[in-house]
Amino acid sequence: MPNLRYLEPTELLEKIYATLCSEYEDAQHYESEQDQKEITVTKKRLTKKIFNEFVVDEEYFLTMKKETFKERYQLYEADLIRMIQECSENRIDYETFIQIIDDLIASAKFRLQAFEQLSDEIQKLQEEDEQDEEEGE
(Lines give C-alpha, C1' and ligand atoms only; values in the text may rest on other atoms or scores of the structure.)
Protein backbone atom coordinates (compact mmCIF):
# COMPACT_ATOMS: atom_id res chain seq x y z
CA MET A 1 0.00 0.00 0.00
CA PRO A 2 1.42 3.41 -0.93
CA ASN A 3 2.17 5.98 1.75
CA LEU A 4 -0.99 8.10 1.70
CA ARG A 5 -1.25 11.41 3.51
CA TYR A 6 -4.96 12.19 3.31
CA LEU A 7 -7.03 9.61 1.45
CA GLU A 8 -8.34 6.76 3.59
CA PRO A 9 -9.18 4.05 1.04
CA THR A 10 -11.93 1.60 1.85
CA GLU A 11 -12.26 -1.99 0.73
CA LEU A 12 -15.34 -1.00 -1.25
CA LEU A 13 -13.38 1.71 -3.08
CA GLU A 14 -10.98 -0.91 -4.40
CA LYS A 15 -13.83 -3.15 -5.55
CA ILE A 16 -15.70 -0.36 -7.29
CA TYR A 17 -12.51 0.77 -9.01
CA ALA A 18 -11.85 -2.78 -10.25
CA THR A 19 -15.41 -2.95 -11.56
CA LEU A 20 -15.08 0.36 -13.38
CA CYS A 21 -11.81 -0.76 -14.97
CA SER A 22 -13.50 -3.92 -16.19
CA GLU A 23 -16.37 -1.88 -17.67
CA TYR A 24 -13.88 0.06 -19.78
CA GLU A 25 -12.21 -3.18 -20.76
CA ASP A 26 -15.49 -4.94 -21.61
CA ALA A 27 -16.92 -2.02 -23.59
CA GLN A 28 -14.99 -3.01 -26.70
CA HIS A 29 -16.85 -6.33 -26.84
CA TYR A 30 -20.29 -4.76 -27.19
CA GLU A 31 -21.24 -3.28 -30.51
CA SER A 32 -24.92 -2.43 -30.31
CA GLU A 33 -25.86 1.17 -29.66
CA GLN A 34 -28.09 0.14 -26.75
CA ASP A 35 -25.27 -1.81 -25.08
CA GLN A 36 -22.90 1.13 -25.53
CA LYS A 37 -25.45 3.51 -23.96
CA GLU A 38 -25.88 1.19 -20.98
CA ILE A 39 -22.13 0.85 -20.55
CA THR A 40 -21.75 4.63 -20.66
CA VAL A 41 -24.37 5.05 -17.94
CA THR A 42 -22.73 2.33 -15.86
CA LYS A 43 -19.32 3.98 -16.18
CA LYS A 44 -20.73 7.37 -15.13
CA ARG A 45 -22.49 5.87 -12.11
CA LEU A 46 -19.44 3.88 -11.02
CA THR A 47 -17.25 6.98 -11.42
CA LYS A 48 -19.59 8.96 -9.17
CA LYS A 49 -19.76 6.03 -6.73
CA ILE A 50 -15.95 6.03 -6.49
CA PHE A 51 -15.94 9.79 -5.97
CA ASN A 52 -18.48 9.46 -3.16
CA GLU A 53 -16.44 6.65 -1.57
CA PHE A 54 -13.42 8.90 -0.95
CA VAL A 55 -12.77 9.27 2.77
CA VAL A 56 -10.70 12.16 4.10
CA ASP A 57 -10.44 13.06 7.79
CA GLU A 58 -12.71 10.10 8.57
CA GLU A 59 -15.49 11.62 6.47
CA TYR A 60 -16.94 10.31 3.18
CA PHE A 61 -17.41 12.81 0.38
CA LEU A 62 -20.96 11.43 0.10
CA THR A 63 -21.93 12.31 3.68
CA MET A 64 -19.79 15.43 4.10
CA LYS A 65 -21.73 18.61 4.86
CA LYS A 66 -22.29 20.61 1.69
CA GLU A 67 -20.58 23.67 3.16
CA THR A 68 -17.52 21.65 4.15
CA PHE A 69 -17.31 19.97 0.74
CA LYS A 70 -17.75 23.28 -1.05
CA GLU A 71 -15.03 24.96 0.99
CA ARG A 72 -12.50 22.13 0.71
CA TYR A 73 -13.06 20.04 -2.42
CA GLN A 74 -15.63 21.43 -4.84
CA LEU A 75 -12.94 23.29 -6.77
CA TYR A 76 -11.27 19.89 -7.36
CA GLU A 77 -14.40 17.88 -8.21
CA ALA A 78 -13.94 17.99 -11.99
CA ASP A 79 -10.26 17.07 -11.64
CA LEU A 80 -11.06 14.15 -9.33
CA ILE A 81 -13.74 12.86 -11.73
CA ARG A 82 -11.29 13.18 -14.61
CA MET A 83 -8.61 11.30 -12.65
CA ILE A 84 -11.06 8.48 -11.89
CA GLN A 85 -12.12 8.23 -15.53
CA GLU A 86 -8.65 8.35 -17.02
CA CYS A 87 -7.10 5.98 -14.49
CA SER A 88 -9.84 3.39 -14.91
CA GLU A 89 -9.99 3.75 -18.69
CA ASN A 90 -6.25 3.17 -18.90
CA ARG A 91 -6.29 0.42 -16.25
CA ILE A 92 -3.90 2.18 -13.91
CA ASP A 93 -3.25 -0.21 -11.03
CA TYR A 94 -5.21 0.50 -7.85
CA GLU A 95 -2.26 1.50 -5.67
CA THR A 96 -1.09 4.06 -8.23
CA PHE A 97 -4.66 5.30 -8.62
CA ILE A 98 -5.11 5.99 -4.91
CA GLN A 99 -1.70 7.68 -4.76
CA ILE A 100 -2.73 10.00 -7.61
CA ILE A 101 -6.01 10.82 -5.86
CA ASP A 102 -4.18 11.37 -2.56
CA ASP A 103 -1.84 13.83 -4.29
CA LEU A 104 -4.78 15.79 -5.68
CA ILE A 105 -6.48 15.82 -2.28
CA ALA A 106 -3.19 17.08 -0.81
CA SER A 107 -3.40 19.99 -3.22
CA ALA A 108 -6.88 20.80 -1.92
CA LYS A 109 -5.64 20.59 1.66
CA PHE A 110 -2.66 22.88 0.95
CA ARG A 111 -4.98 25.39 -0.71
CA LEU A 112 -7.21 25.43 2.36
CA GLN A 113 -4.18 25.84 4.65
CA ALA A 114 -2.94 28.77 2.55
CA PHE A 115 -6.29 30.57 2.90
CA GLU A 116 -6.30 29.87 6.64
CA GLN A 117 -2.78 31.30 6.87
CA LEU A 118 -3.89 34.37 4.93
CA SER A 119 -6.83 34.88 7.30
CA ASP A 120 -4.52 34.55 10.30
CA GLU A 121 -2.12 37.12 8.87
CA ILE A 122 -4.93 39.56 8.10
CA GLN A 123 -6.25 39.15 11.63
CA LYS A 124 -2.79 39.83 13.10
CA LEU A 125 -2.46 43.00 11.03
CA GLN A 126 -5.91 44.17 12.09
CA GLU A 127 -5.06 43.56 15.75
CA GLU A 128 -1.79 45.48 15.33
CA ASP A 129 -3.67 48.37 13.70
CA GLU A 130 -6.18 48.44 16.56
CA GLN A 131 -3.35 48.40 19.10
CA ASP A 132 -1.57 51.25 17.29
CA GLU A 133 -4.81 53.26 17.28
CA GLU A 134 -5.31 52.69 21.01
CA GLU A 135 -1.72 53.75 21.75
CA GLY A 136 -2.14 56.85 19.59
CA GLU A 137 -5.16 58.05 21.58
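This is a predicted model: local features need pLDDT of at least 70, side-chain atom pairs count only at pLDDT 80 or more; totals for chains, interfaces and linings use all residues.
1. Start with helix α1, which covers residues 11-26. Two other helices pack against α1: α2, made of residues 33-53, and α4, made of residues 77-89. Two packed helices are described by the angle between their axes and the distance between the axes.

2. For α1 and α2, the packing angle is about 160° and the axes are 10 Å apart. Angles over 145 degrees count as roughly antiparallel, so that is the label for α1 and α2. Their crossing is left-handed. On the α1 side, look for L12, L13, I16, Y17, T19, L20, E23 and Y24; they meet I39, T42, K43, L46, T47, K49, I50 and E53 in α2. Sorted by type, the residues of this contact come out as nine nonpolar, three polar and four charged.

3. How do α1 and α4 pack? Their angle is about 60°, with 8 Å between the axes, and the two helices are therefore oblique to each other. The crossing of α1 and α4 is right-handed. Here Y17, L20, C21 and Y24 from α1 meet I84, Q85, C87, S88 and E89 from α4. The residues of this contact split into six nonpolar, two polar and one charged.

4. Y17 deserves a click of its own. Y17 is among the α1 residues that meet α2, and is also one of those that meet α4. With a relative accessible area of 3%, Y17 is buried, since the cut-off for buried is under 20%.

5. Now for the rings. How many aromatic pairs does the structure hold? There are 11. One of them joins Y17 and Y94, a tilted pair with 6.0 Å centre to centre and 50° between the planes. Y17 sits in α1 and Y94 in helix α5, so this pair ties together parts that are 77 residues apart in sequence. Y94 is buried too, at 12% relative accessibility.

6. Another pair to look at is F69 with Y73. Their ring centres are 6.3 Å apart and the planes meet at 45°, so this pair is tilted. Are these two residues buried or exposed? F69 is buried, with a relative accessible area of 12%, and Y73 counts as buried at 1%. Both belong to one aromatic cluster, together with F51, F54 and F61.

7. Y73 also leads you to K109, because Y73 is on the list of residues that K109 touches, along with Y6, V56 and D57; residues up to four places away in sequence are not counted. K109 is found in helix α5, which runs over residues 94-136. Buried or exposed? K109 has a relative accessible area of 12%, so this lysine is buried.

8. Further along α5 you come to E121. How far is E121 from K48? Their C-alpha atoms are separated by 38 Å, and the two residues are 73 places apart along the chain.

Notes
Residues are numbered from 1 along each chain as its sequence is written. Side-chain values use heavy atoms; hydrogens and water are left out. Helices (H or I, at least four residues) and strands (E, at least two) are DSSP runs, numbered from the N terminus. Buried means under 20% relative accessible area, exposed over 50%, partly exposed in between (1.4 Å probe, protein chains only). Contact means heavy atoms within 4.5 Å. Rings of Phe, Tyr and Trp (its six-membered ring) pair if their centres lie within 6.5 Å; planes under 30 degrees apart count as stacked, over 60 as edge-to-face and the rest as tilted. Axes are lines fitted to C-alpha atoms, for helices over the stretch in contact, and angles run from 0 to 180 degrees between N-to-C directions. Angles under 35 degrees count as roughly parallel, over 145 as roughly antiparallel, 65 to 115 as roughly perpendicular and the rest as oblique. A crossing is left-handed if the near helix is turned anticlockwise from the far one by less than a right angle, and right-handed if clockwise. Ala, Val, Leu, Ile, Met, Phe, Trp, Tyr, Cys and Pro count as nonpolar, Asp, Glu, Lys and Arg as charged, and the others, Gly among them, as polar.
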